[in-house]
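Try each task before you read its solution.

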2 protein chains.
Amino acid sequence: MGFQPVMDARKRRILEAVTDDYINTAEPVGSRTIARRYNLGVSPATIRNEMADLEESGYLEQPHTSSGRIPSEKGYRFYVDFIMKRKPVSEDERARIRRTLAEKRREIDLIIEETARILAHLSRYAAFVLSPISRAGVFRRVEILPVDSRNVLVILIIDPGFVRTHLIATGRPLTRQQLAHIAQFLNLRLANLPLSRIGTQLLREIKSELDDYNSFVDATIEAIAQSLEDRHEEQVYSDGQVNLLEQPEFQDISKARTVLEFLAEDDALYELLSGVVETRGVTVTIGREAGHPSMNLCSMVSAPYEVRGVPMGALGVVGPTRMHYSRVVALVEFVAENLGDILTRILVM
Amino acid sequence: MGFQPVMDARKRRILEAVTDDYINTAEPVGSRTIARRYNLGVSPATIRNEMADLEESGYLEQPHTSSGRIPSEKGYRFYVDFIMKRKPVSEDERARIRRTLAEKRREIDLIIEETARILAHLSRYAAFVLSPISRAGVFRRVEILPVDSRNVLVILIIDPGFVRTHLIATGRPLTRQQLAHIAQFLNLRLANLPLSRIGTQLLREIKSELDDYNSFVDATIEAIAQSLEDRHEEQVYSDGQVNLLEQPEFQDISKARTVLEFLAEDDALYELLSGVVETRGVTVTIGREAGHPSMNLCSMVSAPYEVRGVPMGALGVVGPTRMHYSRVVALVEFVAENLGDILTRILVM
DNA sequence: TTTAGCACTCTGGTCGTGCGAGTGCTAACG
DNA sequence: CGTTAGCACTCGCACGACCAGAGTGCTAAA
């Protein structure tokens, strides 16, 4: 990172031209095309020579002998890191994003959902949003509300401003007082702890203490424990997977299946995105860099979003490696910032 | 319904054979094949004659002259209504369904989600579950819980045993007492009303009354109103859409896209399933019967699920018209019953 | 160092061709 | 009179040939 390999200006321009063209047309691009469409002031023959060099150093590749060139992963990498200019999000799109998010200003889950939707819609790829909470939060308090004689609603309140509720069947009726006791005890032990500190062992401790105190709340406390140590189920919101079917690289149904099957697994997505929370700014992951075979044909553009400088979640766009990086990078950045702003406004820190 | 068109036994057996074979192989089936694979005791020539008749009366069709026959929608209809025998769910599968649902016995949303998952998995098609609540419920009470100075959690408790929570930014701080007042007032007006009775006008009334009472709770009450009259957002759980890509009829990506795009819209699914709640038992909807162009190539097997005889929601499987009806019908029926049972056990009526 | 020219390669589309599966019809059969 | 065997006919599809177009690498000239 930050180290820029040596490459003379003309090679850069050619790599840029090949990449741009391929991104737009999805066809291998030849020297003639470049000479015609981009005026580099040199002849196709010269371009051919340069392209041969670029291929040798691994930035371009040929799908088959005597066909045009396409960028390799390394080529995309270079393009993204050193050549590409972000294509600013149009005022139209900005307005639209702001409006959409502002409309649903009331409920966090809806905002997140809407974010995934608009991101998918504007990128024309698949979009994912990892909802906030996670490690950054602090446990504030728990409330337990009787719903009926056998069900209680456990409400976990996380600072800043998030709430997780769990409807739990208790098995046996519990009185309001009993519930209050349990809640009180839990709050005593957990209040103001960072979520990252609340691990399985602490919960086990608390559980055993509560067992002594009142043996038949077992089920309840266990469920609470579960919900806290939970791998944050349901926290990845996604949209636009079908958009990928528009891409020529996924006309082959077996390729499409590999990707869509992968993207349909919540766990896989969670894993993909959870690492993003720790990054800063927009990250582009190209093809095999993701380290997952099903994603070999895909790239991901991702960014964390922050509330007052604290990263709270992440979002991203997944498309073919031949992705409109310049557009998507800017889009992801803008949406991440915007989501952060909206959340900051809603949440009281 | 109930009226069985005249059709002699041999024609029935042939229609059955054609349908079964086509369902299994996805290839148009010819007279020779039938004579070989199913021993009807007659020669291919006879079968040809019968098939010509069946085609004339609209039960079979030929993709192109001098190719085998495939069932028409009318053919499937007859097959489903009068010929097919449900293929009982294997003991293995039963056990698996019961176990899966029982595991997640604590939280209704998880149960619903898991139901969609197992249904998709066992049917190998796409599965949908419309979560309970809906018209059948009775509003029991609302609780409003302060989360922090600007956010409240509105908890709607519906009988039987369902809970909807909404995290709402109030704009201005509200005291605990104010919240209690509002809740009390709402409960006075809404408690024990069937949800079907709580319409936009009633809510508007209440809102205006509350406006008088305390003008700045506007946002809150409006949000509550919204959440009640809401088109039940997020209530359709789906899974297994990618399974459809396995089907030969969707190898053509453009066909696959039409269907998957349709199935990706929550609203469309909601519409599709919400009608099912009013039906009894398993319903099979074949191709264009669904009345939606995107579903022309698909069939749906659906059923409501009930808690103590009251229909609470619905579930269904969507696959190609060439669907394993005998298997799926039995599966859907079993899962619907099971889900009903599980919910009955959890919910206190 | 760049460019023009040229021979070569490879892909993708089009066109026949042949094969196999299946039909409809006719005539024979029980 | 229903059933069956036989036969000519029809398609769709897979296969191979063929051609055009795009693009390359190389060589030699500018």
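## Salt bridge exercises

Keep in mind that this is a predicted model. Side chains of opposite charge can pair when their charged atoms come close. Searching the whole structure turns up 38 salt bridges over all chains; let's look at some of them.

**Exercise 1.** Find out which residues Arg117(A) forms salt bridges with.

*Solution.* 
- Step 1: Check Glu113(A). Its side chain meets that of Arg117(A) at 3.5 Å, N to O, and a salt bridge needs the two atoms within 4 Å, so this pair counts.
- Step 2: Check Glu114(A). Here the closest N and O atoms are 3.7 Å apart, which is a salt bridge with Arg117(A) as well.
- Step 3: Look at the spacing. Glu113(A) sits four residues from Arg117(A) in helix H6 (residues 108-123) of chain A, so about one helical turn separates them. Glu114(A) is three residues from Arg117(A) in helix H6, again about one helical turn.

**Exercise 2.** Decide whether Glu113(A) is buried or exposed, and do likewise for Glu114(A).

*Solution.* 
- Step 1: Buried means under 20% relative accessible area.
- Step 2: Glu113(A) has 13%, so it is buried. Glu114(A), with 14%, is buried too.

**Exercise 3.** Work out where the partners Lys11(B) and Asp53(B) lie in chain B.

*Solution.* 
- Step 1: Confirm the pair: the closest N and O atoms are 3.5 Å apart, a salt bridge.
- Step 2: Lys11(B) is in helix H1 (residues 9-25) and Asp53(B) in helix H3 (residues 44-56), so the pair links distant parts of the chain, 42 residues apart.
- Step 3: Lys11(B) is buried at 15%, while Asp53(B) is partly exposed at 35%.

How values were computed
Residues are numbered from 1 along each chain as its sequence is written. Chains are lettered from A and ligands numbered from 1 in the order in which they are written. This is a predicted model: local features need pLDDT of at least 70, side-chain atom pairs count only at pLDDT 80 or more; totals for chains, interfaces and linings use all residues. Side-chain values use heavy atoms; hydrogens and water are left out. Helices (H or I, at least four residues) and strands (E, at least two) are DSSP runs, numbered from the N terminus. Buried means under 20% relative accessible area, exposed over 50%, partly exposed in between (1.4 Å probe, protein chains only).
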